[in-house]
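User: I want to know what stands behind the labels used for this model. Please set each value against its cut-off.

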Amino acid sequence: MLKRFYCLISLLLNNMVLELYAFGPSPPCRCVKMVLKALQLDFEVKSVDLITKEHKTDGFAQLNPRQKVPCLRDGDYVISESRAIAAYLCNKFSGDHLYPSQPEKRGTVDQLLYVSENVVDMIQEYVNFVGVVFFGGKIKKENVAVAKRALGFIEGYLTDREFTAADHVTIADFFLSSPMSMLEIAGFDIAPEFPKTAAWLDKIKALPYFDECNKKGLETMTKMYETKGQCFNNDQKVKKDD
Ligand SMILES: N[C@@H](CCC(=O)N[C@@H](CS)C(=O)NCC(=O)O)C(=O)O
C-alpha cells in the first residue's frame with residue numbers, strides 16, 4: 001500500500017501519467033486495462049487505430065519495434081507485450097493480490113500466463129477471427145476439438161480452486177478469460193460441457209471494472225465478426241459456417 005502511495009505521489013510530482021497505447025477492441029489491450037483498473041491507477045489511452053495502420057508508423061515502431069498493441073509508457077520507461085505489462089504494473093504498484101510475490105504462488109500465475117498464449121492460439125484455430133473479418137474466411141468448425149481441448153485445460157485448473165491460479169482473482173484470469181469471449185462471439189456455448197469454466201467466467205464478468213474495460217470492445221468485435229468485416233469495406237460475403 002505504502003509503495004503504491006509513493007509511486008502515485010511520484011507520478012503526480014513528475015506530472016506523469018501512465019500512457020496506454022491501445023486499440024479499443026483488442027483483447028490484450030482490454031486485459032491490460034483490467035489490470036490498470038484493478039490497481040485503481042490513472043492512465044491515459046493513446047489510441048492506435050489498427051484499421052488505419054497507425055501501428056505501422058515509424059513513431060509507433062520507436063515505441064514498440066514489433067508494432068503491436070498494447071504498449072505502455074511510464075515516464076521514460078516503455079514496455080510492450082500485454083502479460084509483461086500486467087506483471088510490471090503489479091510489481092510497481094503493489095499488485096500482490098493480483099500477481100503474488102511468493103515464489104510458488106507467482107510460479108502458478110506465471111504458468112497460466114504462458115498457458116494463456118497457447119489458449120488464445122487454440123481458440124483462434126476455431127474462431128478464425130482475423131480470417132473471417134479481414135479475409136472473407138469462415139469459422140473453422142473442423143477445429144472445434146482444438147478449442148475444446150483448450151477449454152479442458154481451464155476446466156482442469158478449476159478442479160480444486162475458485163480461480164485459475166488461486167482462490168482469488170489474479171492477472172492469469174484476465175488473460176485466460178479473454179479468449180473465452182472470442183468463443184462467445186462465435187456463438188459457442190461453453191456451459192454444457194465445461195460448467196466450472198462457465199461459472200468462473202461469470203465471476204470474471206461480474207468484476208466491477210469488467211464492463212468498463214470490455215463492453216464496447218466486445219460489441220465492436222461481435223459486430224465485426226457478424227458482419228464479416230463489411231464495416232471495413234470488405235465486400236466478400238462468405239457464409240460463416242458452410
Ligand atoms: N503477444 C502480444 C500480442 C499483441 C497483438 O497481437 N496485438 C494485436 C492486436 S490484438 C496487434 O497489434 N496487431 C497488429 C499487427 O499484428 O499488425 C501481446 O500480448 O501484447
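User: Why is Asn-128 called buried?

Analyst: Buried means under 20% relative accessible area, exposed means over 50%, and partly exposed lies in between (1.4 Å probe, protein chains only). Asn-128 has 14% relative accessibility, so Asn-128 counts as buried. Its phi is near 55°, a positive value in a residue other than glycine.

User: What kind of model is this, and how are residues numbered?

Analyst: This is a predicted model, where local features need pLDDT of at least 70, side-chain atom pairs count only at pLDDT 80 or more, and totals for chains, interfaces and linings use all residues. Residues are numbered from 1 along each chain as its sequence is written, and side-chain values use heavy atoms, with hydrogens and water left out.

User: Where is Asn-128 placed, and what makes a stretch a helix or a strand?

Analyst: Asn-128 is in the loop between α5 and α6 (129–135). Helices (H or I, at least four residues) and strands (E, at least two) are DSSP runs, numbered from the N terminus. By that rule the chain has 10 helices and four strands. Their order along the sequence is α-β-α-β-α-β-β-α-α-α-α-α-α-α.

User: Why is helix α4 described as largely enclosed?

Analyst: Helix α4 covers residues 82–92, and eight of its 11 residues are buried, so the rest of the structure largely encloses it. The buried ones include Ile-85, Tyr-88 and Leu-89. For the chain, buried residues make up 50% of the 242 residues.

User: Which elements do the buried residues of α4 pack against?

Analyst: They pack against strands β1 (18–22), β3 (71–74) and β4 (77–80). Helices α2 (27–38), α5 (103–127) and α8 (171–185) are also on the list. Just after α4, Ser-94 takes a positive phi of about 50°.

User: What makes Ser-80 and Asn-64 a polar contact?

Analyst: A polar contact is a pair of N or O atoms within 3.5 Å. Within protein, one atom must be able to donate a hydrogen and the other to accept it, and residues adjacent in sequence count only if both atoms are side-chain atoms. The side chains of Ser-80 and Asn-64 are joined at 3.3 Å. That value meets the distance limit of 3.5 Å.

User: Which other residues does Ser-80 touch, and what counts as touching?

Analyst: Contact means heavy atoms within 4.5 Å. Ser-80 and Val-69 are 11 residues apart in sequence and 7.3 Å apart in space, C-alpha to C-alpha.

User: What holds for Gln-67 and its surroundings?

Analyst: Gln-67 is in the loop between α3 (58–63) and β3. Its phi is near 60°, positive in a residue other than glycine. Beyond its neighbours within four places in sequence, Gln-67 is in contact with His-55, Lys-56, Thr-57, Phe-60 and Ala-61. A polar atom of its side chain lies 3.2 Å from the backbone oxygen of His-55. Pro-70 lies in the loop between α3 and β3 too. The peptide bond from Val-69 to Pro-70 is cis, with omega near 5°.

User: How do you know which residues are around the ligand?

Analyst: A residue is near a molecule or strand if one of its heavy atoms lies within 4 Å of it. The residues around the ligand include Ser-26, His-55, Lys-56, Arg-66, Lys-68 and Glu-81.
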